[in-house]
Amino acid sequence: VASRAKEFASAFGCSDEAWVAGLLHDFGKYGERFQDRLRGRDRGLDHWSIGAYLALREYKAAGIAAALGVQGHHVGLQRADPDSLRDLVPAQLSRSHPLGLAVTETDVNRLLNRLNADGLAIPPSISSCYQHSSKAVSGMLDIRMLFSALVDADFLETEAHFEAKQNGTMRDRAGGLELLPAHALQAVTKYIEKLRKASSSSQSLNQLREDLLSTCLEAAALRSDLLTLSAPTGSGKTLAMLAFALRRADLGKLRRVIVVIPYLSIIEQTAAIYRSIFEPAFAQHYVLEHHSLAGTRHSDGNLEKIDRDSVHEAERRVRQLAENWDAPLIVTTSVQFLESLFGDRPSACRKLHRVAQSVVMFDEVQTLPSRLCIPTLAALSRLAERHECTVVLSTATQPAFTHLNDHVRRHCDLGWQPLEIAPLNLGLYERARRTRVVWPNLEAKTSWKDLAQELLALRQVLCIVNLKRHAAMLAETLRALPRPGLYHLSTNMCPAHRLHVLGCVRTLLEQGQPCCLISTQCVEAGVDVDFPAVYRAFGPLEAVAQAAGRCNRNGSLNQRGEVHVFIPEDDGQRLYPGGAYEQGADVTRMLLKDRASDNMDIDDPALYDLYYRWLYDLSRPDQLNRELTDSLDRRDFADVAKHYRLIEQNTINVLVPYDPREYDTLAGEIRKSRVLTGEWIRRAQPHCVGLPKYRDHVNLEPVHITHDSLSDEWFIYVGKPDYDNLLGLIEAPEVLMI
């Protein structure tokens, strides 16, 4: 374990410290009580704390990171404050253990003599990756990186032991592929050229995409490791970013590319593009998708233990690679990546050492919640400053994060002052003008009946509203009229249903057939549809801009597409999702009053800078989520992980009868086996709807985790008539429709 940990930590310059952590992580197993445990004569033992104590005793402050890693390799990272570290004294733990366990030995020197007798020795001094004077986010991230090297080494050595051949020879899992960035960039360039030749987009749009690609390739030589890419929707950011990353990796000798995306729909779309590029040129598993629908997520290994023998070898290989991100190109969710940067559990942190020496690219970064943006930017800044990462934040509506630089510097030394990849003189936004936004009179309200009549008169139109309740109401009104080519999209529908709808919509659009799509915001940000006209309920400025990105997307109209912003009539209930979304709508209203509609140009980057500055002045991100800030100040890893959540509201997964045959098969299997397996979850996810974790749900049958226990996260919906082919799940509790 020490040897592996040393190798892993070399990527961020902490080899010696990782070696010590590896030697000491099971130090307490030298005690007689642990030997009795192996013989079945003892139980309830703590074999890790005495090794943590030795690291502190021998190295003082320089041993804090190693001590925390050793202490947490089973129970998770704890606290780095002086009082908590003093609690590691073996004699004190033997009197009062926080987990009610017994330490295997209190005499440290006795165990140290046994270590030395085995020909092992800890060095007289070490340099540390962690200084207690470090700012909170920076220091805690450095500890997590060392922790990651330790726990991944421990997991891999344990696995090799239990996978040993019959003759006792350890069997290590195969390592992942190398990035080979120069070779990969050739494949990307070839793919882009193929797309260009087949493109139906306008000549000017194709030229814009070529210019952005050239700019990104040139920017790979920039000296800054913190970068932004601000480019309009439809300008080819996805492939230009990839080309940048590969050129950057080649120039900087970096190990992998990590693409972080907020929405599963965009992840699947992006990963499919990447696979089509790289699968012909590289072996399998060059691209790793890590998200729930890819069948690679599990909870601290519990489900993995249940179904390890039941999955096919190919699936098992993907799971292995996802455990520690041992792949050259990773496409993952914002939740998976960012919550790991603030995690405390071995399973969440295990992959972090692979992030060092990587290009990390965030798409649609405007979705980062204001309550988390300051610590998040601090962590990303630390990756660039200390762990040899290049970090890129990309979006069409770039937030004014530099406005928060002083607050970010409270948590890290470097702060947040990135360079922009696409200079203003490139004129991307002006050249990409494909729409005209018609802003409303703020005093004028549009009734749903009048809106339905307007939509009825248009052959092809997309209408985006703020709430699922509004989408269902409008779709029902149009269904009664009736409206040909009517479709609806919201998270009341399972992923398989939404995917089918998008496929039907794209076909109708391509064939010039009547099509009317009523949707919530789930159609925005990266979903590739192209309507000649878009209606958008009044909301945050970035939401209006994202809606405009679905209008005349390929620039194929002879004139600009029109985006009509309307204010829905007040029905006595709230008009927006709460929190930051409503604040964004309020700031947009303030801008419209201040500047008038003639000066609300969504193709002007300066408008977004002003919008976000006003938004941050209103929302005060530095004052949000005080629980998280306090936890950071205490260096309390468990509390930080608890309060750093991208999705605040917990949900349950409910199997719904969208596809009756698949529903009956999945429901029948789990009722018969009464064992929840990863393979069943993988197949069920596309047919599940996420519901808020409230107690008053009806028509839900809990799934068995084992024969004797029921899940509180997985359910079967038993009200079959309640799933509507247009609207999805409609008879769920009232909270579903807000």
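Biologist: Which helix gives the most to the lining of the largest cavity?

Modeller: Helix α24, residues 541–548, with three residues. This is a predicted model: local features need pLDDT of at least 70, side-chain atom pairs count only at pLDDT 80 or more, and totals for chains, interfaces and linings use all residues. Residues are numbered from 1 along each chain as its sequence is written, and side-chain values use heavy atoms, without hydrogens and water.

Biologist: What counts as a cavity or a pocket?

Modeller: On a 1 Å grid over the protein atoms alone, a cavity is a set of points where a 1.4 Å probe fits but cannot get out. A pocket is an open set with protein on both sides within 12 Å along at least five of seven lines. Lining residues have an atom within 4 Å of a point.

Biologist: How much space lies in the largest cavity?

Modeller: About 180 Å³. Its lining has 16 residues, with Pro-232, Thr-233, Ala-545, Ile-602 and Asp-603 nearest the centre.

Biologist: And what is the volume of the second largest cavity?

Modeller: About 50 Å³. Among the residues that line the second largest cavity are Thr-238, Met-241, Tyr-274 and Asp-363. α12, β4 (256–261) and α13 each supply at least two lining residues there.

Biologist: Switching to pockets. How many residues line the second largest pocket?

Modeller: The second largest pocket is lined by 44 residues. Arg-209, Gly-234, Asp-528, Arg-553 and Asn-554 lie nearest its centre. Its volume is about 1400 Å³.

Biologist: Which element gives the largest share of that lining?

Modeller: α10, with seven residues.

Note on methods
Points joined across faces, edges and corners; volume = space filled by probe spheres on them. Helix = DSSP H or I, 4+ residues; strand = E, 2+ residues; numbered from the N terminus.
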